[in-house]
Amino acid sequence: MKSVFLLFILALIPTSVLATEASGIKLEPVQIDVNDRASLQRGARLFVNYCLSCHSAAYMRYNRMGQDLGISNEMVEQNLMFAADKVGELMTVSMPAKDAKKWFGTPPPDLTVISRARGPQWIYNYLRSFYREEKWPGRWNNAVFPNVAMPHVLYGLQGTQRAVFETREDGTKVIAKFEMQQPGTMDKAEYDAAVRDLTNFLVYLGEPAKLVRYHLGLYVLAFLVIFFVFVYLLKKEYWKDVH
Ligand code: HEC
């Protein structure tokens, strides 16, 4: 009976949790703030420079992004548009899906709503967990997404790290920590901050209406505060006669 119960509990745990546990890497928390415009702008810049060559964000238009992030159309055209001609175009990718499949074995998925599918914490940790795979020279692996087909496109910033393994009591080999082999242009704190910006941007991309909703929320709260004053006065008025 006990083991059936245990199986039932195990079935409730998402497999991704088990997978990350097995690789020994704990997901670190990340503070997301889609109202931090400067962070979103930095994230957008990283995204178009490092991700848009393989991944599309095909449900977002450049000018909508510019508007939401407070960047003028001219600035978008000059600084953020490499794969499109017009600012009203969707953020598609120039690489044909067929070629991408041939090169990587699996085509890079569209990233518009990836933050909803994976969650910000997963993405933040994924982008920090690439390491040189010693079994396959010249290739990358990832502790959060084992055997991933994506290369570490940010290694110039983060540097190249290798995984140091340890063997657990039950015989499984897990990653104990990472060791920096060749530093990149950023130190750890700078890289973590950059990846946070990128994750922040992907969260925005997954739900641009969040910005509108948060602003609306402030108005609703302000309304409730004012409304409360009147309700309170009214209550006092009614109870005056009862007492
Ligand atoms: C050289 C091409 C290439 C570039 C550039 C690239 N990726 Fe990828 N990415 C891939 C491929 C291929 C996959 C599919 C991996 C797989 O399924 O094994 C992938 C997968 C992913 C996933 C996981 C999707 C899932 O299945 O849940 C995320 C998240 C992601 N990429 C984010 C990014 C971000 C952010 C950037 C920019 C910093 C980026 N990628 C740049 C090729 C690329």
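Let me start with the lining of the largest cavity, which is made by Cys 51, Leu 127, Phe 130, Met 150, His 152, Val 153 and Leu 154. Keep in mind that this is a predicted model. By class, that lining has six nonpolar residues, one polar residue and no charged ones. The space inside the largest cavity comes to about 30 Å³. The structure has one cavity of 30 Å³ or more.

Which residues coordinate the iron atom of the ligand? They are His 55, through NE2, and Met 150, through SD, at 1.9 to 2.1 Å. His 55 sits in the loop between α3 (37-50) and β1 (57-61), and Met 150 in the loop between β4 (139-142) and α9 (155-158), so this pair ties together parts 95 residues apart in sequence.

Now the geometry. For reference, ideal octahedral angles for six donors are 90 or 180 degrees.

Is His 55 buried or exposed? Its relative accessibility is 10%, so it counts as buried, the cut-off being under 20%.

Last, the loop between β4 and α9 again, where Asn 147 is found. Asn 147 has a relative accessibility of 52%; exposed means over 50%, so Asn 147 counts as exposed. The backbone is the other item here: phi of Asn 147 is near 60°, a positive value in a residue other than glycine. Most residues other than glycine have a negative phi.

How values were computed. Residues are numbered from 1 along each chain as its sequence is written. This is a predicted model: local features need pLDDT of at least 70, side-chain atom pairs count only at pLDDT 80 or more; totals for chains, interfaces and linings use all residues. Side-chain values use heavy atoms; hydrogens and water are left out. Donors are N, O and S atoms within 2.8 Å of the metal (3.2 Å for Na, K and Ca); water is not among the atoms, so sites may look incomplete. Helices (H or I, at least four residues) and strands (E, at least two) are DSSP runs, numbered from the N terminus. Buried means under 20% relative accessible area, exposed over 50%, partly exposed in between (1.4 Å probe, protein chains only). On a 1 Å grid over the protein atoms alone, a cavity is a set of points where a 1.4 Å probe fits but cannot get out, and a pocket is an open set with protein on both sides within 12 Å along at least five of seven lines; lining residues have an atom within 4 Å of a point. Grid points are joined across faces, edges and corners, and a volume is the space filled by probe spheres set on the points. Ala, Val, Leu, Ile, Met, Phe, Trp, Tyr, Cys and Pro count as nonpolar, Asp, Glu, Lys and Arg as charged, and the others, Gly among them, as polar.
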